[in-house]
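Thanks, everyone. I have one structure to go through this morning, and I will keep to a ligand site and one piece of surface.

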Amino acid sequence: MSILVLADINDGQLASATAHVVAAAKAIGGDIDVLVAGEGVQAAAEAAAKLDGVSKVRVADNAVYAYQLAEPMGALLMELANGYTHVLASASTTGKNVLPRLAALKDVSQLSDVIGIEGADTFLRPIYAGNAIATVKSDDPLKVITVRSSAFDAVADSGSATVEAIDVVVENTQSSFVKEELAQSDRPELGGAKVVISGGRGMGNGENFKLLDGIADKLGAAVGASRAAVDAGFVPNDMQVGQTGKIVAPDLYIAVGISGAIQHLAGMKDSKVIVAINKDDEAPIFQVADYGLVGDLFDILPELESKL
Amino acid sequence: MKVLVAVKRVIDYNVKIRVKADHSDVDLTNVKMAMNPFCEIAVEEAVRLKEKGVATEVVAVTVGPKAAQEQLRTALALGADRAIHIETDARVESLAVAKLLAKVVDEEQPGLVILGKQAIDTDNNQTGQMLAALTNLPQGTFASEVVVDGDTVNVTREIDGGLQTVALTLPAIVTTDLRLNEPRYAKLPDIMKAKKKPMDVKTPADYGIEVASKVSLLKVESPAERKGGIKVASVDELIDKLKNEAKVL
Ligand SMILES: Cc1cc2nc3c(=O)[nH]c(=O)nc-3n(C[C@H](O)[C@H](O)[C@H](O)COP(=O)(O)OP(=O)(O)OC[C@H]3O[C@@H](n4cnc5c(N)ncnc54)[C@H](O)[C@@H]3O)c2cc1C
Ligand SMILES: Cc1cc2nc3c(=O)[nH]c(=O)nc-3n(C[C@H](O)[C@H](O)[C@H](O)COP(=O)(O)OP(=O)(O)OC[C@H]3O[C@@H](n4cnc5c(N)ncnc54)[C@H](O)[C@@H]3O)c2cc1C
């Protein structure tokens with residue numbers, strides 16, 4: 001078996017998700033190569049070379065791969081996939097954007113959001129917002145897989161893989177990058193944080209999310225939100241946790257003013273410990289919470305912040 | 001410009017699904033079905049493009065059983081002009097759906113194809129991307145804004161870190177995210193009118209596409225149930241539990 005892992009890049013740096021995808025590759029077994037593609041990605045390539053279990057890092061450093069646009073990335077993967085039995089990427093918005101193109105061009109199915117490995121061809125994946133877990137077997141000659149990174153523990157970074165440059169340059173006349181508006185935050189990223197505190201519609205407005213910030217600062221937590229809070233314009237979309245937002249599985253998840261719709265639960269119910277703060281003692285979120293506190297969040301949050 | 005919209009019949013998003021006792025699949029007998037929410041957004045976007053005079057015709061297409069015609073009628077009631085039903089009772093995976101849609105794109109030559117970013121049953125999030133690859137067209141996935149300008153389209157995409165805008169040459173494939181628009185409700189007169197709008201019925205064989213997949217479903221299980229815990233009476237008790245019982249502080 002030989003596996004190619006597509007690395008996630010943020011701002012020229014290797015994203016934390018890749019260490020989790022390599023862990024999934026190790027569970028499949030065989031040789032693991034990592035593809036680092038982008039513009040100015042040397043630092044990311046060096047970081048990828050340290051991931052345990054990686055034998056080779058292949059670096060495609062060219063302006064055409066900047067921002068990892070789907071069209072050139074699909075074409076690049078098509079050039080490189082020969083000889084591999086599996087191609088893996090994280091189920092990030094990049095992995096989801098790029099990998100199905102490879103699958104279609106190779107005339108194979110893609111297995112999305114894999115959370116468990118039963119063997120080289122058999123995998124577990126959630127369906128229906130995580131309300132059922134399917135075991136699927138692929139008889140395709142190439143397995144194209146996106147991996148839910150929160151389901152695999154990151155590999156350590158004590159490895160020393162070789163790094164090789166690849167000079168495949170594809171053409172792209174169909175798409176171009178216009179702009180990016182990225183959230184600026186000193187807090188840990190949602191996907192990797194050990195503690196997440198999320199606010200819902202109950203927060204009332206965006207200003208009130210400051211009540212969560214103080215607690216997040218004390219706990220080193222990332223701040224998330226329900227879709228209702230995002231739709232209402234309290235906070236930006238990248239903070240949404242849930243079936244159609246980010247999937248998180250921190251050690252501690254604190255849901256504040258969130259009712260607990262199945263679409264929200266789909267994004268956080270694998271957290272180790274869940275705390276719910278809600279004024280409605282019938283709110284469904286209490287059915288999954290380890291510790292529920294019934295009361296007004298505007299009283300509870302300041303008290304919690306001062307006592308932590 | 002013609003706009004093609006792909007819609008899928010799925011379980012209603014409010015329904016809590018159950019796994020069959022023999023673990024062969026989820027039990028969909030007698031559950032309420034509806035148009036995939038992301039597909040409603042796709043239809044809405046297409047209809048708005050028509051209302052703005054950017055699109056001249058909106059064609060809705062689905063792959064699925066006879067009953068999926070209900071969702072096509074919904075699309076017609078919302079403002080699509082005509083519909084194509086590719087009828088099959090088989091379990092059709094994203095790749096086969098994409099192959100069929102590619103044939104339709106070939107025939108219809110739309111300027112824009114709009115799909116949902118994911119279907120809420122299988123949560124695959126791949127059909128649009130596969131269609132783009134098969135038709136060799138550019139893609140703007142997870143769109144929260146779509147602006148057609150001459151022979152290009154600017155798509156603002158919801159990505160993990162925020163928003164990204166890309167410019168694509170037309171024709172192009174777009175998949176919708178939740179905040180692209182708020183779909184309207186179909187009005188009764190429109191529902192009546194929709195019954196008279198044209199609907200073509202085809203089969204995968206008409207397009208020469210084999211829908212069988214090399215992926216088999218071995219079993220379906222319920223996820224480990226999370227047991228509800230306890231209610232604490234105060235902030236002090238909460239902090240104490242988190243420190244001394246759960247040991248996460
Ligand atoms: C296709 C689809 C995909 C979706 N994807 C997602 C997703 O990814 N993520 C997601 O979150 N949702 C998603 N949703 C939306 C989901 O169904 C719910 O609408 C949403 O999660 C509700 O958000 P909420 O809990 O913040 O709001 P509400 O359900 O309105 O709950 C607000 C809660 O705040 C409490 N509250 C109010 N004031 C106070 C106060 N002062 N003190 C304490 N508590 C208070 C209330 O008791 C209530 O329980 C999706 C829906 C669809 C159809
Ligand atoms: C465990 C399991 C059980 C299944 N059981 C059944 C079953 O009982 N019956 C059955 O018919 N299929 C079944 N399928 C197939 C499945 O429902 C999908 O048709 C297929 O996997 C496509 O994936 P998706 O809809 O998740 O695609 P996604 O990529 O998530 O869908 C994105 C978008 O693609 C478009 N699209 C997707 N499918 C269609 C379609 N059929 N027609 C038009 N547009 C479409 C829509 O715009 C949609 O919003 C099953 C699949 C699995 C994995």
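I will start with the ligand site and finish with the surface patch. Please keep in mind that this is a predicted model.

The site is that of ligand 2. It has 28 residues around it, and the closest are K8(B), V63(B), V92(B), T122(B) and T127(B). Those names are from chain B, but the surrounding residues come from chains A and B, so the site is shared between chains.

Which elements of chain B supply at least two residues each to the shell around ligand 2? They include β4, residues 57-64, α3, residues 94-108, and β6, residues 112-116. β4(B) gives the most, with three residues. By residue class, the shell around ligand 2 has 12 nonpolar, 10 polar and six charged members.

Now the contacts to the backbone. A polar backbone atom of V92(B) sits 2.6 Å from an oxygen atom of ligand 2. For A119(B), the distance from a polar backbone atom to a ligand 2 oxygen is 2.7 Å. At N125(B), a backbone N or O atom is 3.0 Å from an oxygen atom of ligand 2. As for cover, ligand 2 on its own has 920 Å² of accessible area, and the protein covers 89% of that.

Last, the surface. L188(B), I191(B) and M192(B) make a nonpolar patch of about 290 Å². L188(B) belongs to helix α5 of chain B, residues 188-194. Is L188(B) buried or exposed? Its relative accessibility is 60%, and the cut-off for exposed is over 50%, so L188(B) counts as exposed.

That is what I have.

Key:
Residues are numbered from 1 along each chain as its sequence is written. Chains are lettered from A and ligands numbered from 1 in the order in which they are written. This is a predicted model: local features need pLDDT of at least 70, side-chain atom pairs count only at pLDDT 80 or more; totals for chains, interfaces and linings use all residues. Side-chain values use heavy atoms; hydrogens and water are left out. A residue is near a molecule or strand if one of its heavy atoms lies within 4 Å of it. A polar contact is a pair of N or O atoms within 3.5 Å; within protein, one must be able to donate a hydrogen and the other to accept it, and residues adjacent in sequence count only if both atoms are side-chain atoms. Accessible areas come from the Shrake-Rupley method with a 1.4 Å probe; for residues, only the protein chains shown count as cover. Helices (H or I, at least four residues) and strands (E, at least two) are DSSP runs, numbered from the N terminus. Ala, Val, Leu, Ile, Met, Phe, Trp, Tyr, Cys and Pro count as nonpolar, Asp, Glu, Lys and Arg as charged, and the others, Gly among them, as polar. Patches are made of residues with over 30% relative accessible area and no salt bridge: like charges are joined within 9 Å, nonpolar side chains (Val, Leu, Ile, Met, Phe, Trp, Tyr) within 5 Å. A salt bridge is a side-chain nitrogen of Lys or Arg within 4 Å of a carboxyl oxygen of Asp or Glu. Buried means under 20% relative accessible area, exposed over 50%, partly exposed in between (1.4 Å probe, protein chains only).
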